[in-house]
Amino acid sequence: MTFFNESLFIFTILLDYNLIQDKKGQLYLNMNQHKILGPVIFVILILLASFSYAEAPATPTPATLVLNDFKVFDTPDESTGSISLSWEAVSGENDSLSYVVYVDKDANGKFDCEFCRFPATENWKKDKKWPFWVSGTKEGYHYLEVPILNVFPPPTQPELDSKQNELATIKSKIRNTKKNYKNLMEQKELLQKELDELKKAKEPDFKTIQEKEKALGNNSKKLENIINDPDAKKIVDGIPVPELTAKMRNLAKEVGALEAKVDQEKAGIQDRVYYFKVGTFENDKLTALTAATSGQAKGNWFFWAHLNNFVLAVVFSILVLWFIRHAKKNQNLFLRRINGLDAVEEAVGRATEMGRPVFYQTGIGGMSDISTICATVILGKIAEKVALYDTQIKVPHRDPIVMTVCQEIVKEAYTKVGRPDAYKEDCNFYVTSDQFAYTATVNGMMMRDKPAANFFMGYYMAEALLLSEAGSSTGAIQIAGTDSTDQLPFFITTCDYTLIGEEFYAASAYLSREPILVGTLKAQDVGKFFILAALVIGTIFATIRMPEILDLIKDFS
Amino acid sequence: MDTVLLGGWIAAGLTLFMYSFLYKDNPFFRFGEHLYLGISVGYGVVRVIFSNFINDLYAPLVYDHDFILIIPALLGLSLYTRYFQKLAWISRVTFAFIVGLGAGLNIPRIIDGGFFKQLEGIIAPVLSETWNFGFANFNSALIIIGVCSVLVYFLFSVEHKGAVNVISRVGIYFVMIAFGASFGYTVMGRISLLIGRSYDLIEFSKPEYYYASIVLLVLIILVLAFYEMYIKKQDKQQVTQ
Amino acid sequence: MSSFIQKFTGMDRRIIYVLISLAVIIPLLLPLNLPVGVTSEVKAVYDTIDNLPERSVLFLAMDFDPASRPELYPMAEAILHHAFRKNLRVIGMTFWVTGTGLGEQVMVDVAKEYGKEYGKDYLYLGWKAGDFALVIGMGEKGFAATYPQDHYGRDTANMPVLDNVKTLKDIGYLVELAAGSTIGTWYYYGKQKYKFKMGGGCTGVMAASWYNLMKIDWINGFLGGLRGAAEYEMLINRKAVAVRGMDPQSVAHMLIITLIVFSNIVYFATGANKKIGAGK
Amino acid sequence: MTASLKKWLPIAVAFATGVFFAIQYYIPRPFTDELLSDLSVWFRIISAFAMGLGIISLFHLHYYKIKRQAPAWGFSIVVFLSLFGMIAVGLWCLGVEKNTDTGKMTAYGWLYKSLQSPLQSTMFSILAFYIASAAFRAFRAKTREATILLIAALIVMFGRAPMGEWLWQQAVPTFSVFGVTLPPTIGQLTGWIMKVPNMAAQGGISLGICLGSIAMSLKIIFGIERAYMGGSK
């Protein structure tokens, strides 16, 4: 065995270039790159393996296996009843050795339930995507997850499954029979017609005819099935079938009861203590076995691998709240200029001078998209200016909910500057939800109304350039603000001013100058310093090859 | 007339109607535009009726007695309270629900999928394992410099002068390279779309479609020419008046 | 002279429109057959599919609609050709209701060419409402549970195409052809949890940001726009629509470049820059 | 009492849903995932009801155009005809676009396919013209930024077109330094621009967007930003 290890070591030195370290730090032989060396190494390894194979002494009864750091614990970050096993790899493992895991409900049980058997080269802890604070030591540890419910399924599960299937069949019968019948009848007619035509032909294509006849046969069989079933027949004829509905309701009740029972059983199965034994196999013989070790699954309430995410969310929340408090005290926070937003006044003023409307668009998103929310907030600020200057604003929409929200916002803006009488409900109007129908309509409107200013705020897709180029050809002042990085280049080239990404999110604070909103901008800036620091420190750790530290800023979902 | 032929003529006609917008706004385009509007809304309404109302609401409510669905139905109905001044505030609860949901879902997902994923993609060793500075390392260093300078550009509460100004300038240059490159990269995709349409138009100009595209193109040009003359005449009359 | 320059720089857009349409239509009718080089991101997708063992499952998410058909349909076609040649099983579906027909068409057409049998070699799940919930469903409960019926209303439960492939965890490769932001759905609700391999194809406009997705390991490679499809066609040695589309591409690109360069030369030659330079 | 309820109830709802669904991410319990997928159904139901608001708005706009005989009111009739025609056909076909047994399209499906598809693809393809005219107008080396934008765009456009690659190969002689072939091909240069400077800027912008969007979400959850509820004060 040691000979094997040493030779592998020598090989690794010899073939340094062929050993590639993948992202998780696992070493593997890059067989692809060396088409000749790969097989040669493989053959040698096999030979070596077979030497050790021959050397292995046959042991009639399994000896007691002592695994270093053998642990049985609840699997973190899940709550479906799963227990994890981990142990340090035995020195001198090779692929002739395999592990076996037995599970039992009783410490003194027979342990005849084999959960799984795997070669010692598999199931490593480092393959599991875990941050260091969840995994502990990863290097050189075997790891296995035992989903208890798969090993001991709840006894009522099959019954539940069959009842559920039955219920689904009845449901589908009630809901779909009529439609199916109609479809089948149409198909029948079509097939019949095609057949007639085929047969009429001078040189009938017998193969096709045969196929069509077969299809027709299938079709009529299906139709017969429907007609011969009295319930289905009634559904087709539009006669109510209370018995079937009642049956369905009963079944649904039964399923409900069974589900509750299965849940109860599952809880019983998940909550108890289980015992595990790990054994080693060599030459297909059980050579050694550990003592029984117990473990119990827990329903976890926190996703520990998301701890970094959680901490960041909390810290950022505190930061935002703190700066808002701070801003209330210190009203004069400095804000750098954002050209696009300084131009808002100019654009609205120009519209007044020219007596032409202002167009405002909120983008493609729905009301739950943050960029749309941001766009509606900016609309409020611009509508105030529009109301002050007594200009017209037009806001075409793709989403009725966004339209409704915007109606409220614009109305409020007019009220705020004391001109509620000038507000017109139909300045916000729905066009269509279809991307390009919307674009066509708005482009047409731009051509006809010749707006003096166009605002494109929110999230955009391909329509961005269609709208802004058409707008620019009418000579309007155009101001865009978006967080869709794909479309930014087009706004940059066709609009007079563009709010890039975060500038767009800063717009509402910039326009209103409300201290609490400006305060959050300050928090964002501090966030940026955090990122800069993370980038620099992360790069240093990456360069000195300490990737574990980077777990702190990694996504573990 | 069979449906394929009819479909071909319609497709060719509508395509040319929409392209006529490139010349200028004209009745052909306006017809296409309004037709498209009506069709798309109608299609949406039918979809909503069958898939949202019947499948998602009516069927589970009636067949499965899934009464919890009354809540979203009420939330949906509450949107209409805005037609009654006194009750209008109720619709805000629905807005608040939708907006709050979006905001809540957004935070952790953005942190993991945006924030951490971005950092993961950016951070890379700036020296090789043997402490050499290769081309790959140069690239990763350049990326980090780029990211940092762009972030500095976005600083809002710091005045952009001195060193900050210089760095944010560099950031803007990076941004400009990116925008120029993305623009150039996209040209191909957009031309592809035109190629796709051209394939169709070429197809419809074949004899089996009775040269639909060509016939329609000529017709549209002729009509537009007459229309133009008519408008000019009218304008002249207006001027003389 | 200066009036010419003014005319040129302020050239009517419509002249450009005419030039562009000619640049596209003429090479389409009279092909030039220029060669197409292959980029590494396309090669990565090709290699992954090429190295899949026989009968393993390629999951093809065709999340596009007729509007983006010119770019994404040829990709679906090329990938399906490759998959069927390699004797892989293919499961197709779409998140875009308007693309339902396209997905069906491409699968059926290509399968016919290779004599593949529906239900055994390929399966089309079609469109179903549910968005990300479908991904979670396919990952947790499996294909047959999430889509009890396929696009044609047939029961999926006992189809041989789903033998040994119950959930997203069992697939060999997932290719997401996206005209929108559906890649996020596949990543957040799918790949993140069920750890399958993912690659993709996107429209040209999205390609720039997809490099980023590749770097952060959402996907291992992708086909960007019609060019990506053309490269894939070169790789599988089946030159079709995409490769043919490369000629008009080249000409149109060169036209735009010429226009830009020329306009800049004129701009500088006439000193227009000095006049306007004082501005922003 | 009602006044404060009117004011606080929406804020409380936003806070509660926001906090709950943010926290949901950190709870490894299957029921929270199920809740999320149930909620997508809720969403669809709400938006189904909202569709009515859209229709009312559209109807209002075009009805008044016809009533007032505004310029080109005839086109509003086109809207109504196509809208109601489509709805009628759709209802008659029970919302089915294709008969799944025969594979034949219904009238509804046919209308959609033969009218909407060409309209949609044509509108989309107009981008090809617009991208050219936008490039022609905007890419002038007026400032340093504009020059950088222009050069990056030119290189990438050149490198993306197969003809560009070919021309580069013909025109630029290559030589070898320390086993490295120089200069790089235009394709490689394009790839480098896309993968390095482009990546850097995209990364910076995206990180900024992440910050902005998280801050915005927090402002909504804490009830600081409530303009979306109309009454901001």
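Helices here are DSSP runs of H or I with at least four residues, strands are runs of E with at least two, and both are numbered from the N terminus. This is a predicted model, in which local features need pLDDT of at least 70, side-chain atom pairs count only at pLDDT 80 or more, and totals for chains, interfaces and linings use all residues. Residues are numbered from 1 along each chain as its sequence is written, chains are lettered from A and ligands numbered from 1 in the order in which they are written, and side-chain values use heavy atoms, leaving out hydrogens and water.

1. Let me start with N237(C), which sits in the loop between α10 (225-235) and α11 (241-269) of chain C. Its phi is near 60 degrees, a positive value in a residue other than glycine. N237(C) is exposed, with a relative accessible area of 64% (exposed means over 50%, buried under 20%, partly exposed in between; 1.4 Å probe, protein chains only).

2. Another positive phi, near 55 degrees, belongs to R545(A), also a residue other than glycine. You will find R545(A) in the segment after α17 (515-543) of chain A, where it is partly exposed at 32% relative accessibility.

3. Do look at R197(B), in helix α6 (residues 163-204) of chain B. This arginine is buried, with a relative accessible area of 6%. Beyond its neighbours within four places in sequence, R197(B) is in contact (heavy atoms within 4.5 Å) with A11(B), T15(B) and Y19(B), and with P118(D), S121(D), T122(D) and S125(D).

4. Finally, chain C is assigned domain 1 (2-30 + 245-274) and domain 2 (40-239), with bounds from an automatic or database domain assignment. Taken over C-alpha atoms, the centres of these domains of chain C are 39 Å apart.
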